Each structure stands twice: as C-alpha cells, then as structure tokens.
Amino acid sequence: MTVRKMSRNLFGRVCSIEIQDKFTREAKIYDAPPFTIDFETDFGGNNQTIAKLYNPNEKTIKSIQGTKKGGITIYPTVIIIAGYGGENGVVATGEIFDTKFVKSGVDRILEMKIKENVSAIASAFVLKSYRNMPANAIILDLIKVAGFKPEKKIVLGKPKTYSSFVAQDFRSALVSIATDTNSEYYFSGERVGFRPIEQPPKPSIILLDETSGLIGSPEKSNNKWKIKSLFRHKITKGIRVAVKSEMLESDILVEKGKHKFTSKGNDCYTEFEGKAVK
C-alpha cells in the first residue's frame, strides 16, 4: 500500500495526483497541500474519474495534452492516491481522455477526465488465432501480444477450452472470452485481470457504524441497500462491508458506488450499494 504523509490542514486527509509520461516514464506528483485537488470516481459502473487540479503551471498543462502516434493521441497515465494519514491508497488509475481548463475567481482549474487505458486498448490489434487452447492461456498470450501485463491471478467464472478462437483486436477478444466464461475483465494501471461476475463473498474487511464513518441511515430499494460513509478508499466493487445501524445490521457485498474527495472543504464521502449477504 502506498502511504502519504498526513497533513494537519486537511483533518488527517491526504491526496496526491501522479501524472506519468508513457514515453519517457517520467512522473510528476502533485500533493494536497500545497495544491488543491478535487476528484470524483465511480466503481462498478463506468469506472470513470473526473479530477480537478487547481493552479497548475504551464508545463503541467502541456504535459497532459498527449502525444500523437500513428493518428492516435497517447495520453499520460494518472494515479490518484487518497485517504487518511497512514490509511490511504490508490483510488483511481487510468488514462486522460479529455481535459478542460477554466477560471473560477482567482483560481485556474485543470479538469481531467480519466478512464482505464483508453488509447492503448483502442490501438491494440492482435490478429491471432488459437486452436485447442484453454481460455486462461489465450488471455495470457493476448495480454503479452497487446503490450500489457497480467494480474497475478487470472480467475474465470467457469473454465472454457476453445477448439478454435480468432482474435482480431484486443478489446473484442477480451469481451468474447469474458462472456463465454461468465467473467469480467478489468485494468489496473498497465495490468489486465479477469474475475468471476459473481464472486463468492469474502470475509468482511471493513466495519462501518456511527463511530467509524457511517453517514445517515442505510436506505433499501429493490432488495439492495444504499449506504453513505465518510471517505473510505478501500470500499470498492466486490468488497464486503459489515454495516451496523438501527436500520441495518448485516454484511453488504458492494456492487457499485462512488468516491468524492476535496482538499478545500469537508465534502468527502463514499457512497455504495449492494445486497445483504450472510
């Protein structure tokens, strides 16, 4: 886990944005403070992040414009780390796909929209065929050919061996295998992983009650619970949260939600929804 030093100015909250150039591998880190940073990121849905960096210099603005390569613009990688003191970690990672620069009073605000490996996936053509090969082996080879790295474990919802499989481009091949194996694929930086769509519940790793950040009362709708808490970077899809309140005392298997963070106020929280599990 990456840990940032605690800032007393943010009531123990910490945040940083790291921008990495894909060609030079150089990275620039912007910490709050002295910078002001806002971001909102969703998980289990579009997996998109909108981040705002206040008053960056011209070099920073130029660095996020991307580099043209064969008709495709390659944008830098962004890693956002946030949390509290010694309890923080990566909240979002991906590639900038849109930017906007606006003025608000005396502030100049750089807004970045971030999604996982946009241009890399778009430009990854593999054009390979496979015969009598299990899905796991095909996935590992596709990841290598496309220039990515695999997660430590490729876990599928069910096994599948293909008598014949033709991959024309990286994205459609991943989608096809995921559909056939009751799985979903995901990106974590430059790593590609697969996981079952319905993962078996894991032991609770997060306790959430009035003393540990629960905000308001959980609300039930269509057999799912909607819950809000203070910012908790570890809450994400597939995590099991033990919720204790007057309305609910049960483990919740998180299906989707969002994190919101600001270093200039107190509007920091995590919202998520999921089903009660035993």
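A polar contact is a pair of N or O atoms within 3.5 Å; within protein, one must be able to donate a hydrogen and the other to accept it. Keep that in mind for a later stop on this tour. The model on your screen is predicted.

**Stop 1: the whole chain**

Show the protein chain as a cartoon. It has four helices and 20 strands. Now colour by burial. Of the 278 residues, 42% count as buried. How far apart in sequence are the residues that touch? Among contacts between residues at least 6 apart in sequence, 58% join residues at least 24 apart.

**Stop 2: the largest nonpolar core**

Select Cys-15, Ile-17, Phe-39, Ile-80 and Met-112. These residues have the most contacts inside the largest nonpolar core, which has 22 residues. Which elements give two or more residues to this core? They are β1 (13–20), β2 (27–32), β3 (37–43), β4 (49–54), β7 (77–84), β8 (87–104) and β9 (107–115).

Zoom in on Ile-17. Set aside its neighbours within four places in sequence. Ile-17 is then in contact with Lys-28, Ile-29, Tyr-30, Ile-37, Ala-51, Val-78, Ile-79, Ile-80 and Met-112.

Next, move to another core.

**Stop 3: two cysteines**

Cys-15 is buried, with a relative accessible area of 3%. Cys-268 is buried too, at 5%. Why is there no disulfide between them? A disulfide is a covalent bond between the sulfur atoms of two cysteines. The cut-off used here is within 2.5 Å. The sulfur of Cys-15 is 8.7 Å from the closest cysteine sulfur, in Cys-268, so the gap is too far for a bond. The structure holds zero disulfides.

**Stop 4: strand β4 and Thr-49**

Select Thr-49, which sits in strand β4. Is Thr-49 buried or exposed? Its relative accessibility is 3%, so Thr-49 counts as buried. Show side chains. The side chain of Thr-49 makes a polar contact of 2.6 Å with the side chain of Thr-41. Beyond four places in sequence, Thr-49 is in contact with Glu-40, Thr-41, Ile-80, Ala-92, Met-112, Lys-113 and Ile-114.

**Stop 5: β9 and its partners**

Highlight β9. β4 and β9 pair in the antiparallel sense over six bridges. β8 and β9 also pair in the antiparallel sense, over nine bridges. Click on Glu-111 in β9. Lys-52 stands opposite Glu-111. Lys-100 also stands opposite Glu-111.

Now follow β8 into β9. The two strands form a hairpin with two residues between them. Select Gly-105 in the turn: its phi is positive, about 65°.

**Stop 6: Glu-184**

Finish with Glu-184 in strand β13 (residues 183–188). Glu-184 is buried, with a relative accessible area of 19%. The cut-off for buried is under 20%. Which side chains make polar contacts with the side chain of Glu-184? Arg-195 is one of them, at 2.9 Å. Lys-237 is another, and its contact with Glu-184 is 2.9 Å.

Last, show the residues around Glu-184. Leaving out residues up to four places away in sequence, Glu-184 touches Ala-178, Gly-193, Phe-194, Arg-195, Ile-197 and Lys-237.

Note on methods. Residues are numbered from 1 along each chain as its sequence is written. This is a predicted model: local features need pLDDT of at least 70, side-chain atom pairs count only at pLDDT 80 or more; totals for chains, interfaces and linings use all residues. Side-chain values use heavy atoms; hydrogens and water are left out. A nonpolar core is a set of buried Ala, Val, Leu, Ile, Met, Phe, Trp, Tyr and Cys residues joined through side-chain atoms within 4.5 Å. Buried means under 20% relative accessible area, exposed over 50%, partly exposed in between (1.4 Å probe, protein chains only). Contact means heavy atoms within 4.5 Å. Two strands pair if DSSP finds at least two bridges between them.
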